[in-house]
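Subject: Structure for you to look at

Dear colleague,

I am passing on the structure we spoke about, together with some notes on what was found in it. Please have the model open while you read.

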Amino acid sequence: MSWFPEEERRTTNWFTKFCANVLKEGPVPRHVAFIMDGNRRFARKSHLHRHEGHVKGFDKLAETLEWCLDLGITEVTVYAFSIENFKRTKEEVDGLMELARQKFSKLMEEKDMIQKYGVCVRVLGDISLLPTDVQEAIAEAVNFSKNNDKAVLNVCFAYTSRHEITTAIQEVAEGVEDGLLKPSDVSEDMLEKCLYTNHSEDPELVVRTSGEVRLSDFLLWQSTFSVLSFVKVLWPEFSIWHLFAAVLQYQQNYDAIKKTKDNDQKERERIQLESDRECVLQELHQDCSHEDFQCRIEQYANERKLRQQKFLTHLDEKRNKYLQIPPKHLSAVAQ
């Protein structure tokens, strides 16, 4: 099945279109994340091989991406493979790796569609844990589409949120140790910009299927202000009506969450200003006028932002370099 909408499949009836148009009169989330849970249970329920359940799950993803596109949702993040999934049977893990090979290869067969829809494909996770040929397929897709900006598909593969946050902390600590950052430069915002999702806005809506009511180590930081929609249906059975219901739930909570996010941003700015003031006070060894003090705070803030930006550029270059290395050398760098 194609990653992209196929015209012959686009048989949306008038009532579905009407409901979509009604929803679009209200706030529609720009970024939606999905925990695609229930493929194995669907396979058991349907008397299919476990691998077939995962194939059905991918088919549902392709269909869901089409629905999101029609609603005006321009960024989608999916939890495709957790680091914890490596603990499953060798047969199942091998099957999932083979599915990844096939689907990323299929994606590169659809280069014209990637360009037509302007989709940027990102893979978030520790891809060094994956087989070399899967790393190669991922690198090819990511590099080919990296300059597209009409829509974004983030595939969380070999990912857990705790691993992501730990990696971000290690990167920041290394930046301080190497002199790229001062200890006082470290903040919530700085750590947030070191996450795998640093080029994305946080998801406004997180949808989990299968009836489980937990996040399973998925986007724990980024979902702080997300609307959480837990759907009692297995992922391959997810329908456009479940998506509509989740978007409606988001709209019902939109005002309250927006207010909370705005207050949090103001508090972060207050804390940062207080930190800058403290740093300037420690630097000054003599009295100065209030005007000079305020000017020095502004100067210090600009210096801090410059340090942080240089560090983040260094971090981006480091991560991008990994994906640009010739495939045969990928595994050597990962070790």
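The lining of the second largest cavity divides by class into four charged, three nonpolar and two polar residues, where Asp, Glu, Lys and Arg count as charged, Ala, Val, Leu, Ile, Met, Phe, Trp, Tyr, Cys and Pro as nonpolar, and the others, Gly among them, as polar. This is a predicted model, in which local features need pLDDT of at least 70 and side-chain atom pairs count only at pLDDT 80 or more, while totals for chains, interfaces and linings use all residues. Residues are numbered from 1 along each chain as its sequence is written, and side-chain values use heavy atoms, with hydrogens and water left out.

The residues that line this second largest cavity are Glu171, Glu174, Gly175, Asp178, Leu180, Phe311, His314, Leu315 and Lys318, and its volume is about 40 Å³. Helices H7 and H10 each supply at least two of the lining residues, with H10 giving the most, four residues; helices (H or I, at least four residues) and strands (E, at least two) are DSSP runs, numbered from the N terminus. A cavity here is a set of points, on a 1 Å grid over the protein atoms alone, where a 1.4 Å probe fits but cannot get out, whereas a pocket is an open set with protein on both sides within 12 Å along at least five of seven lines, and lining residues have an atom within 4 Å of a point. Grid points are joined across faces, edges and corners, and a volume is the space filled by probe spheres set on the points.

Turning to charged pairs, the structure holds 29 salt bridges, a salt bridge being a side-chain nitrogen of Lys or Arg within 4 Å of a carboxyl oxygen of Asp or Glu. Arg268 and Glu192 form one of them, at 3.2 Å from N to O, and this pair links distant parts of the chain, since Arg268 is in helix H9 (residues 240–283) and Glu192 in helix H8 (residues 188–192), 76 residues apart. Arg268 is buried, at 15% relative accessible area, while Glu192 is partly exposed at 22%; buried means under 20%, exposed over 50% and partly exposed in between (1.4 Å probe, protein chains only).

Arg101 and Glu98 also form a salt bridge, with their closest N and O atoms 3.1 Å apart; the two residues are separated by about one helical turn because they are three residues apart in helix H4 (residues 90–108). A network of salt bridges links Asp37, Arg41, Arg208, Glu212 and Arg214, and within it the side chains of Arg214 and Glu212 meet at 3.5 Å, N to O.

Most residues other than glycine have a negative phi. Ser210, however, has a positive phi near 90 degrees, and Leu219 has a positive phi near 50 degrees. Ser210 is found in the loop between strand E5 (205–208) and strand E6 (227–230), and Leu219 lies in the loop between E5 and E6. Leu219 is buried, with a relative accessible area of 1%, and Ser210 is buried at 12%.

On confidence, the protein chain averages a pLDDT (the predictor's confidence in each residue, from 0 to 100) of 91, and 93% of the residues score at least 70. Over residues 328–335 the pLDDT is below 50, and this stretch has ten contacts in the model beyond near neighbours in sequence, a contact meaning heavy atoms within 4.5 Å.

With best wishes
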